[in-house]
Amino acid sequence: MIEAWSPEDVYAAEAALEEELASGELMARAVEGLAEVVAARVAQLGAETVMALVGSGNNGADALYAVAHLAEAGLSCAAALDPERVHEGALEAARAAGVVLVTGAEALEDVAEADVVVDGILGLGGRPGLPAEAAAWVRAISDDAHVIAVDLPSGQAADGSGFDPDGVLADETVTFSVAKPVHLLPPTEQACGSLTVVDIGLAFESDPSVVRLTFDDVADLWPVPGPDDDKYSRGVLGVVAGGEQYTGAAVLTVTAAVEAGAGMVRYVGTPTPDGLVRAAVPEAVHGEGRVQAWVVGPGLDPTSTRRESASQLAVARRALAGEEPVLVDAGGLGLVDDAVIDARRGRPTLLTPHAGELATMLSRLGSGPRARSRPEVERAAVEAEPLRHARALADRTGMTVLLKGSTTLIVPPDAAGPVRSQADAPAWLGTAGSGDVLAGLIGTLLAAGLEPADAGALGALVHGVAADRASGGGPLRALTVAHGIPGAVAHLLTRR
């Protein structure tokens with residue numbers, strides 16, 4: 001598991017450790033680790049020149065000390081800086097080591113010619129955006145240069161709240177002791193490149209603010225049946241999905257649930273998808289009955305006035321009013337109103353919207369049941385600040401929110417709990433029906449007894465791995481992902 005702590009918690013941990021260490025020891029540990037990483041990349045790339053972009057804070061000092069070490073080892077190093085606003089000890093070390101120090105417009109040519117650029121402009125305490133002089137340095141970086149950010153790419157929000165396209169876009173980020181939200185959250189993760197964590201000895205008493213499951217976590221979480229289990233103890237999943245307009249969603253959801261290992265799947269649908277499910281998934285049982293969890297919504301039309309839809313929608317509403325865990329997706333999201341919110345308070349519920357659906361829900365529900373106005377929320381706003389808007393929906397509904405995207409967020413209703421973040425899928429997974437597969441997969445985990453946040457994170461990971469294995473680097477269809485779930489699970493369970 002990768003755990004990320006907030007900048008405030010990191011500062012507190014650093015302050016506590018500095019009281020126990022000799023002056024400068026903590027920075028020396030960071031510099032040593034950073035210099036080792038930069039030296040390794042220089043060797044791998046056959047680079048000849050290294051340029052540090054140096055700000056006034058500790059990250060700038062780390063970068064400047066690191067290139068001083070590299071210069072002492074014989075590498076050609078330079079640093080762009082303001083000598084009046086830089087760490088004095090680092091500046092002295094750089095001069096003594098023969099680092100070429102440049103400033104202002106003079107630095108631009110050297111920046112453009114560097115093979116490796118070390119970004120130490122801003123640190124965790126920096127505000128999003130770059131100072132004008134530093135922005136010019138960043139614009140001068142060659143497209144061919146390998147950019148290594150110190151702690152975080154300068155210009156990006158340390159808390160992961162917002163992405164600056166004019167900020168540093170790193171090939172690699174070297175951070176210290178633990179990851180930070182900027183490294184794991186959309187939209188800033190895209191600016192970080194690969195992540196290297198250098199241990200400098202920090203200890204934390206607080207819980208992380210963001211966590212990400214890794215492949216090694218799957219064996220500890222996946223509900224593997226024992227010799228005494230049967231189809232009922234493994235979990236019966238009810239699926240209310242599909243309709244006369246979106247018939248395939250039912251097949252995809254039920255197929256994914258069966259492939260993920262549900263003990264039994266009960267399907268409730270309208271005539272056309274019902275017939276398709278009977279043909280495609282003969283293991284499924286049809287009709288309402290006792291279940292351990294529900295999936296409500298893939299391909300469902302909550303506004304349908306068709307006679308055949310009435311009984312299906314009645315089952316969907318009973319599931320939302322019941323006590324069993326419920327995953328609500330796609331068309332089912334339109335059934336979530338104040339009555340459903342009240343009925344499900346304290347009951348395990350997972351909403352799985354994409355950005356457009358989340359924007360629609362926030363616009364429809366507003367900030368509260370008696371809110372005087374309900375401002376329109378645009379999809380673009382959700383995409384720009386996904387965590388803020390997912391948190392708003394979790395606060396409004398008291399439900400766990402899984403916001404689908406290239407990086408999937410799982411936000412618990414308790415604001416004190418950690419946010420889950422998963423980025424395991426290839427871009428090829430952005431295809432029609434993939435959300436239906438995800439719903440069936442996560443629904444199976446809910447029926448097996450996992451809590452919504454765990455089920456959401458684990459399901460997103462396995463969904464991504466199944467897609468990656470099925471894709472092989474090329475296009476794929478959602479049904480192929482569903483059929484790839486057993487192989488992905490087996491691979492993850494046996495890889496240790």
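Predicted model: local features only at pLDDT ≥ 70, side-chain atom pairs only at ≥ 80, totals over all residues.
Biologist: What makes Arg-212 and Glu-189 a salt bridge?
Modeller: A salt bridge needs a side-chain nitrogen of Lys or Arg within 4 Å of a carboxyl oxygen of Asp or Glu. Here the N to O distance is 2.8 Å, so the pair meets the definition. The structure holds 15 salt bridges.

Biologist: Which parts does the pair of Arg-212 and Glu-189 tie together?
Modeller: Arg-212 lies in strand E9 (residues 210-212). Glu-189 sits in the loop between helix H7 (181-184) and strand E8 (194-198). The pair therefore links parts that are 23 residues apart in sequence. Helices (H or I, at least four residues) and strands (E, at least two) are DSSP runs, numbered from the N terminus. Both Arg-212 and Glu-189 are buried.

Biologist: Why is Arg-306 called partly exposed?
Modeller: Buried means under 20% relative accessible area, exposed means over 50%, and partly exposed is in between (1.4 Å probe, protein chains only). Arg-306 has 46% relative accessibility, so Arg-306 counts as partly exposed. Its salt-bridge partner is Glu-308, with the closest N and O atoms 3.5 Å apart. Glu-308 has a relative accessible area of 27%, so Glu-308 is partly exposed.

Biologist: What makes Glu-383 and Arg-379 a salt bridge, and where do they lie?
Modeller: Their closest N and O atoms are 3.0 Å apart. Both residues lie in helix H14 (residues 379-384), four residues apart, about one turn of the helix. Glu-383 has a relative accessible area of 45% and is partly exposed. Arg-379, at 43%, also counts as partly exposed.

Biologist: Why is the pair of Trp-5 and Phe-204 called stacked?
Modeller: A search of the whole structure finds one aromatic pair. Trp-5 and Phe-204 are 4.5 Å apart, centre to centre, with 20° between the planes. Rings of Phe, Tyr and Trp (its six-membered ring) pair if their centres lie within 6.5 Å; planes under 30 degrees apart count as stacked, over 60 as edge-to-face and the rest as tilted. So the pair passes on distance and counts as stacked on angle. Trp-5 lies in the loop between strand E1 (2-4) and helix H1 (7-18), and Phe-204 in the loop between E8 and E9, so the pair ties together parts 199 residues apart in sequence. Trp-5 is buried, with a relative accessible area of 8%.

Biologist: What makes a nonpolar core, and which residues touch the most other members of the largest?
Modeller: A nonpolar core is a set of buried Ala, Val, Leu, Ile, Met, Phe, Trp, Tyr and Cys residues joined through side-chain atoms within 4.5 Å. The largest has 52 residues, and Val-462 and Ile-485 touch the most other members. Elements giving two or more residues include helix H16 (434-447), helix H17 (452-471) and helix H19 (485-494). H17 gives the most, with nine residues. A second, separate core of 50 residues includes Ala-30, Leu-34, Ala-63 and Leu-91.

Biologist: How do you know that Thr-444 is buried?
Modeller: Its relative accessibility is 5%, so Thr-444 counts as buried. Thr-444 lies in helix H16. Contact means heavy atoms within 4.5 Å. Not counting residues up to four places away in sequence, Thr-444 touches Leu-237, Ala-257, Ala-260, Gly-261 and Ala-262.

Biologist: What stands out about the peptide bond between Pro-186 and Pro-187?
Modeller: The bond is cis, with omega about 5°. Pro-187 is found in the loop between H7 and E8.

Biologist: What is the phi of Ser-177, and is Ser-177 buried or exposed?
Modeller: Ser-177 has a positive phi of about 70°, although it is not a glycine. Its place is the loop between strand E7 (172-176) and H7. With a relative accessible area of 16%, Ser-177 is buried.

Notes
Residues numbered from 1 in each chain as written. Heavy atoms only, no water.
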